[in-house]
Amino acid sequence: MSAVLAPLLGWSFAAAMASVPFLFPDPYLLAVLTSAGIFIIGAISLNLLLGYTGQLSLGHAAFFGLGAYASALATLGFDIAIGFGLRLRLDPQPVWVGFLSAVVVAGLFGWLLGRLAFRVRGAYFVIITICFAQVLRMVSLNWVELTQGPMALTGIPPFALWLPGQGVVELTSKPQTYWLVLGVAVLAFLIVRQIVRSRIGRALVALRENETLARSVGIRVTHYLVIATVVSAGIAGAAGSLFAHYVRIIDPDVFLFIYTVTMVIMVVTGGKGTLWGPVVGGLIFGLLPDMLRGAARPEAQWIAYGLAMILLVMFLPRGIVPAFTGLLAGRRARVVLPAAAAREAAE
Amino acid sequence: MLTRRTALLSGLALPALSRTGFAADPIRIGMTQPLTGAVAASGNYVANGAKIAVDVLNRAGGVMGRPIELVLEDNKSNPREAVAAVEKLVLRDKVPALIGAWSSTFTLAILPKLMEYKVPMVVETSSAARITTSGNPYVFRIAPTSEMEAIGFAELVGKYTPAIRKIDFLSVNNDFGRGATEKYGAILGAKGIPTGRVETMTPEATDLSAQLTALKQSDGDTLFITTGVEQLTLAMRQAIEQRVGKRIVSTGGSFPDALIHQPLPGGAHSDHVLFYAPWFPEKAIHPEIAKTYTEEWNKHGWEFAGLTEGFRGYDAVLTVAEAVRIAGKVEPEAIREAMWKVQIPGVNGNIHFQKEGPAGRESGQNQPNVYIVRLADGKTSLV
Amino acid sequence: MDQALQHLVNGTVLGGTYALLGIGLTLIFGVMRVVNFTHGELYAFGAYMAYGLVSLLGLNFYLSLLLAALLGAALGAVIERVLLRPLRGADIDSVMLAMIGAALVLQNASMWAWGGVAKLVPSPFDGMPLVFGPVSVLPLRLFVLGVAVALLLAFWFLLDRTRAGIAMRATFQDPETAALMGVRVAWVGTATFAIGSGLAAAAGALLGPVFMVSPTMGDLVGLKAFAIVILGGLGNLPGAVIGGFALGYVEEFGGGFLSTEYRDAFGFLLIILVLAIRPQGLVAAKERVG
């Protein structure tokens with residue numbers, strides 16, 4: 001898409017999404033969209049890793065879950081023993097502190113995983129990320145003093161936001177939470193876009209395409225991979241925080257493998273390595289389970305979900321957005337300079 | 001109580017006799033259960049129990065001359081999906097009352113949504129204490145808490161010879177298992193029976209040899225096992241292999257029915273704390289209701305063992321239907337208020353809610369009955 | 001001390017089955033570069049086939065085990081033909097997603113077909129344990145260990161001594177050269193996936209009577225199989241055997257002496273530790289970290 005047209009289309013899409021509560025004031029639709037939106041944010045963050053560095057993290061739910069726990073614990077407060085007779089105590093904090101700590105904690109763990117996991121690539125990387133999420137799940141299950149373990153953290157406060165003229169208000173209505181999630185999604189999108197277009201993004205793509213070559217021209221591969229992981233983890237943590245204050249209960253199941261799979265399928269369906277891919281794929285796979293509800297018996301819904309994954313991967317391996325822009329670019333290429341079209345297709 | 005029930009049913013049946021089928025709109029009751037995923041077996045049992053309760057009620061004329069319709073949504077053994085299911089039931093299907101959601105975690109996830117949408121829910125299985133003590137006035141629980149169960153067991157503890165002197169625990173690592181360990185330990189402890197060793201297992205674990213070998217080292221004489229049916233069966237079989245050599249008691253309503261067809265070797269026997277003993281419907285508090293339920297279930301050819309869990313769904317539907325009848329209208333708030341007036345016989349026993357939790361925002365808690373069933377050489381008997 | 005001996009026996013019995021699980025997965029990765037997310041589901045499939053053949057059709061126990069493994073191999077061949085062959089040359093993540101999708105389909109199809117209630121598979125073995133001094137073990141468990149070891153040996157023989165095995169190993173090391181040397185690489189792919197799947201189904205059929213058979217039994221097993229092959233080094237066959245026994249002992253001793261709560265976490269912690277210190281796995285692989 002051209003430099004003028006793309007942002008225009010993007011902003012009008014965001015505006016259209018923002019007006020949904022006015023046009024379709026159906027609370028169920030908003031609930032489904034809010035829930036999908038939280039996972040779309042997760043998918044946007046995953047895309048930075050999967051799409052732009054080519055590293056498939058199947059432990060992305062770990063950052064999501066860490067963010068959820070960090071945010072919940074910061075807003076609920078805790079008082080735990082940390083050994084040597086010392087205690088660590090935190091009084092309940094406002095929700096925005098929880099949100100920030102979610103980003104920071106997830107980012108820190110992103111740095112840790114990055115340092116550890118980028119010693120390996122490919123299938124090893126995939127499996128180490130799965131193990132990472134599993135270990136966190138076990139810790140959250142068994143560190144009962146901090147996390148309440150399987151008894152779950154309950155009574156998590158809802159979102160609150162400072163609004164001009166109204167002070168701090170709790171956002172409990174459906175449109176309010178919807179707009180908040182939409183706002184964070186737009187922010188996440190812009191952050192990822194900024195990174196992708198920066199020097200970091202170019203370095204990431206260079207090493208995705210040919211790591212050996214990238215190394216030989218002096219790109220500090222691990223350095224850039226770790227930066228990407230930290231940012232990606234931080235955004236996933238933000239999504240986890242939104243999840244915690246939306247569902248208002250967190251238990252070790254936030255680390256479930258199926259959450260990661262949901263985010264991965266969103267990215268791959270939409271088109272990894274494209275900015276709009278996770279949004280398009282996220283809307284499809286965020287709404288699909290709710291559209292399937294009632295359409296068939298429960299097992300059949302899962303089977304349909306699994307088949308949809310297989311068929312998309314087989315017939316649209318690059319995802320919907322590249323297929324679509326490819327089509328568009330192909331038609332315009334006769335009019336526009338071929339080089340520009342190729343560049344756009346690559347984007 | 002019996003006559004009241006009969007009167008109610010015949011009273012309801014009369015208007016319906018005059019016509020075939022229902023002309024009126026159905027009354028929808030929402031239910032969410034784990035129908036797929038890790039705990040699907042139990043969720044489907046409970047859902048089946050609810051379905052036959054709806055059949056039975058509709059055959060008797062429904063409620064207020066209107067048929068009952070069960071709207072069942074899968075929560076996929078996952079708290080996020082439990083919330084999604086409830087949003088669908090309340091916002092799209094507009095159900096005035098809910099039943100759910102099997103596991104304590106799923107139920108706890110739903111609780112804030114009940115407050116938000118102001119819809120009452122009958123909790124049929126979850127045992128976590130917090131469900132009724134957190135000040136949620138939309139919660140009405142017919143299932144017993146671990147504490148009630150432990151108290152019920154403690155009353156029968158004198159029947160054991162040789163007497164129970166020291167106990168060990170093997171519990172699944174979740175709310176259910178941890179709750180039972182805590183409450184049974186405390187209540188039997190107050191009776192002068194100390195706790196020896198406590199071991200836990202993840203819900204998916206199949207090889208429990210490490211736990212059982214460790215438990216063997218304790219000098220306790222009785223091992224309490226708290227987990228689902230499947231893991232309970234595994235633990236009992238593996239206890240033989242590891243020669244644990246203790247009396248085994250299971251809690252929480254799980255019954256290892258597979259061991260009826262393939263009994264444990266060596267004449268081992270075990271006791272099981274149940275809330276309905278389908279082998280002895282005549283020993284239930286209301287035998288005729290237990291019989292109807294059991295017969296209906298068997299008519300469908302479902303697994304006999306499912307009866308021990310299916311009654312939860314059956315009783316939950318009876319409870320909601322009665323609350324709707326008392327309310328006289330299909331509105332969530334009226335049904336919520338009517339819940340306090342419910343007083344009906346169920347498969348487990350009498351259903352009636354007592355107030356629990358902070359004043360002004362109390363939740364309802366029923367006082368269910370406990371049966372101890374002994375399993376020896378593939379045969380069951382009531383203790 | 002008696003406790004430690006019993007843990008040693010339990011760990012060996014457990015490790016044998018883990019080795020069996022790991023070897024099929026590592027073989028498929030080694031030859032085909034596919035991380036097989038359907039491994040756990042094929043394990044469950046094998047267990048259900050054993051249940052169906054023994055309990056419903058009343059076939060002989062040993063014959064049922066063999067048939068279950070063969071049916072698993074057949075299902076594996078179908079998966080390879082329908083899913084993997086068209087995806088040859090696709091990215092690692094496309095293939096993984098297709099396999100995850102297939103796993104979802106398989107698991108829910110078996111829930112649909114068999115219901116969610118766990119089944120017990122009868123076996124001709126007596127349920128009383130054999131007692132050797134302070135330790136005890138079920139005869140059924142010994143049988144499973146024996147078959148696992150026999151399968152591992154037979155498998156080694158196949159790879160090392162037969163033409164098919166040589167073709168597989170050649171493909172394993174260098175698919176392009178193997179193709180030039182006249183190896184039908186596509187056929188090797190189908191055969192490999194079928195054999196790996198057959199091993200997973202055999203493990204399921206063997207363990208079905210030891211544990212219970214349920215639709216979600218493959219979930220934890222799939223994850224554990226990953227742990228085993230990573231411990232040994234992906235694609236490293238002796239490594240998978242060593243990884244299997246290592247995981248069995250770690251879980252058994254860790255669970256018995258440290259904490260049962262973290263029993264299932266030990267394997268994953270071990271992996272992170274191993275990868276931090278020796279990214280190529282416990283057993284040095286010739287190649288590949290990247």
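How many bridges join strand β4 to β5 in chain A, and do they run parallel or antiparallel? I keep in mind that this is a predicted model. I find 5 bridges between β4(A), residues 159-163, and β5(A), and the strands run antiparallel. Going across the pair, I see A:Leu161 standing opposite A:Val169 of β5(A).

Next I checked the turn. The hairpin of β4(A) and β5(A) has 3 residues between its strands, and A:Gly165 has a positive phi near 85° there.

Then I asked how many residues of β5(A) are buried. The count is 0 among the 5 residues of this strand, 167-171, so I noted it as hardly covered, with "buried" needing 20 or more other C-beta atoms within 10 Å.

On to the contact between chains A and C. Chain A puts in 34 residues and chain C puts in 38. On chain A's side, I listed the elements giving two or more residues: α6 (122-142), α12 (257-270) and α14 (298-315). I see that α6(A) supplies the largest share, 13 residues. Sorting chain A's side by type, I get 27 nonpolar, 4 polar and 3 charged residues.

Last, chain C. An unreviewed UniProt entry annotates several stretches of it as "transmembrane region", including 96-118 and 138-159. I looked at both in the model. Residues 96-118 of chain C are 83% helix and 0% strand, with end C-alpha atoms 29 Å apart. For residues 138-159 of chain C I get 95% helix, 0% strand and 32 Å between the end C-alpha atoms.

How values were computed. Residues numbered from 1 in each chain as written. Chains lettered and ligands numbered in written order. Predicted model: local features only at pLDDT ≥ 70, side-chain atom pairs only at ≥ 80, totals over all residues. Contact = placed C-beta atoms within 7 Å. Helix = DSSP H or I, 4+ residues; strand = E, 2+ residues; numbered from the N terminus. Nonpolar A, V, L, I, M, F, W, Y, C, P; charged D, E, K, R; others polar. UniProt positions renumbered as here; feature names shortened; annotations may be inferred. Buried ≥ 20, exposed ≤ 12 C-beta atoms within 10 Å, placed from the backbone. Pairing = 2+ DSSP bridges.
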